[in-house]
Amino acid sequence: MKENENISEEEKEAQPQKAKMIPVYIMGKRYEVPEGLTIMGAMEYAGYQLKRGCGCREGFCGACATVYRTADDYKIKTGLACQTVVEPNMYLAQIPFFPANKAIYDVDKLEPSISTFQKIYPETFRCVSCNTCTKACPQDLEVMDYIQAVIRGDIAQAADLSFDCIMCGLCAARCPAEIVQYDVGLLARRLYGKYLAKKSEYLEKRLKEIKENKYDKEIEELIHMDREPLKEKYYARDIEKR
Amino acid sequence: MYPEYMKESLKLVEKTRPARLKKSLSGEKVFTPMTDAEREEVLTRFHPDYKPDARRKIRVGPNKGESITSEVADLLESHSRINPDDFDLSRIDYDTDVLVIGGGGGGAGAALLARENGAKVVIATKLRIGDANSMMSQGGIQASVNPNDSPAVHYLDVIGGGHFDNKPDLVKALVMDAPLVIKWLEELGVMFDKNPDGTMVTKLGGGCSRKRMHSARDYTGAAIMRVLRDEVKNHPDDIQVIEFSPAVELLMDEEGRVAGAILYNLETEEYIIIRAKSTIIATGGFGRLHIKEFATTNHYGATADGLVLGYRAGANLLYMDSVQYHPTGAAYPEQILGFLITEKVRTMGAQPVNKFGELFVFPLEPRDVEASSFIRECTERGNGITTHTGRVGIWLDSPLVELINGEGAIQKQLPAMYRQFNRFDIDITKEPMLVFPTLHYQNGGVEINDRCETKIPNLYVAGEASGGVHGRNRLMGNSVLDYNVFGRRAGMNAAVNAKKVKLSKLTLNHVRRYEEELQETGIHADRVAPILLPDYTPPEVKARQLTAHYEGTLR
């Protein structure tokens, strides 16, 4: 059962074509795999059953951080195994776990200010602006810029720039100052979401109404309504314009 | 970049776009929504659940005789991974108040609330904490917060979307807790999309009558899960997380109450005994069973483990005859086949159009209706676009999102979608996406009440593993809401329960009894469950693995 070959009956005319085979080196060992596969697909094709280094398989969870190099280049590159297509003569390995520091804190007792970062993640301020983190990011985020935003005390900007972070850890793995960028970004976002974002009046109002049992009677009526009148009510409801 | 042979159809989409845009901007409905009868027709004729072999009668267990999804029946009619005789149940490795099985959003929320209510908690999870479908949900979370909306209106949308089969007490819990959940998440530091005045940005979801979908760009699930995971890790004294250790059976005591679980360390291959006063199953759904051979949007670990565990212990299943196919899975490029394209793309104005560029369905029908109409367009009507690998799909005209919401709207509000397609040189601000329904969600699950209790004492279930709240079809934004509402409730009630429980001697007799029932029924298949991980090893590799041992799908 190769995942990408699952074809439903609706797609029954499907005839997957024979792909060209290319060599890749998984942890230094050579395998021939079809062109066009992702790194993850190539590892599975080669016979690996993944436990670590495999998660959502759609680029959202950061489980499959991968380092690789191509034969004609000395540079180490980074990517997500589920999102990066194999190239001929790629040398690759996954990072199964990275023992980065995550600080323990009580979010209710924090202040949304630069001093919080100085206390919780002091190494942030050792950033040497080398931009290696940004180059390592498979999401193409401006990682160094959000670290610099924290250093300036601009939590809103750090939160905004780090928003699409999937916490794969490649930035931290490459950082010469040993900053754990993804945890710093997460702290910035939590502080922003909790303390700095403007509150919604409507939400407060609705919570108060629910507390005062404003909707209980209406809901009870719906709960006890027979199927047919309920159906009628449903199909007669007005739909807000987009 | 799209291949040459699609260019003609792409031109037609471009050609019809101005007229479709004009209608969309005029405020009138772009297409007439279906009536009850029309919905019924398209569902029975085209939804994969209605295929002749989609369901079969299950022959063992509490739901014996009931017709359920065939792949689920196979899974449940499987042998245990363990032999109860091998275990010395007096040798307990962990003793805790609350055991949470599953480290997704529901499990994390349950652990946090159990802790708040005074319990010591162990989270046992198959992969890492946060490796779950929760992390992947893109579009949003529903909550009736706007003045023109109310929990009652939300209730009506949910129960109509579920074809009136939903359990009313669960729907009530869902809609009444929704605003509270938004508040809780914001207090924890989740950043929702907001307007300058602080009000929430809300969008209209499929099958919904009000703008009620709250989002965090198209990383809504990630935004929530990252915070919940971080918060769990902030309480190491009260919440212990055991990763890469899925539960393979529940433990019971001599009074027939659930009393913990047996875990399997995927790396050292050891079994671990956890005794717990309350046990919460929060293992998520079944996408990786690849039902009807469909590609899936689901996480690698979505193998319905909790269903197997709960069922063997005697818990009832509800609506396991119903599978959700998300209308918009990627059909091209091949590398991202089946990937989720969030419904938010349609809520922001994108329209599904056929190879002639014609809109053929109201873009925001409930998911099963929308998906079925896509299948009809591709099969009976023959208006799909066929790829060189023989797959077929229809266009989701995403450039409309920019034309309706302004330039930059996609990169700002749908960055994950933009990034995903950009990796394959497709610019979705300028070109549409080719889509086809993809296996997405387990509508049913273990039956619970509004306290997340099952009919087995000390056993709680929350999130996708549970059944009833969505009836036979879940609406968008209600799964993120579901795991938050019921994860919290499960944690709270499990903690309260743990205070009064006195367990007696541990047993695995329920596993023995289940095996006996399989034998008596004459089921001698060599299937093993829970399967834990899917097996994507190619057959030619398997043929060379001459001394490898597979226990089910697991090597």
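**A sheet in chain B**

Tutor: In chain B, the order S12-S18-S20 describes an open sheet of 3 strands with mixed pairing; strands are DSSP runs of E with at least two residues, and helices runs of H or I with at least four, numbered from the N terminus. Strands pair if DSSP finds at least two bridges between them. The model is predicted: local features need pLDDT of at least 70, side-chain atom pairs count only at pLDDT 80 or more, and totals for chains, interfaces and linings use all residues. Residues are numbered from 1 along each chain as its sequence is written, with chains lettered from A and ligands numbered from 1 in the order in which they are written.

Student: Which strands stand at the edges?
Tutor: Strand S12 (317–318) and strand S20 (466–467) of chain B do; each has a single partner strand, so one side of each lacks a neighbour in the sheet.

Student: In what sense do S12(B) and S18(B) pair?
Tutor: S12(B) pairs with strand S18 (residues 445–447) of chain B in the antiparallel sense, over 2 bridges. Leu317(B) has Val446(B) in S18(B) as its bridge partner.

Student: Which helix lies across S12 and S18 of chain B?
Tutor: Helix H9 (residues 305–312) of chain B, which runs at about 35° to S18(B); the angle is between N-to-C directions, from 0 to 180 degrees, with axes fitted to C-alpha atoms, for helices over the stretch in contact. Contact requires C-beta atoms, placed from the backbone, within 7 Å.

Student: Changing topic, how many helices and strands are there in chain B?
Tutor: Chain B has 17 helices and 21 strands. Its C-alpha atoms fill a box of roughly 75 × 55 × 40 Å along the principal axes.

How values were computed. Two residues are in contact if their C-beta atoms, placed from the backbone, lie within 7 Å.
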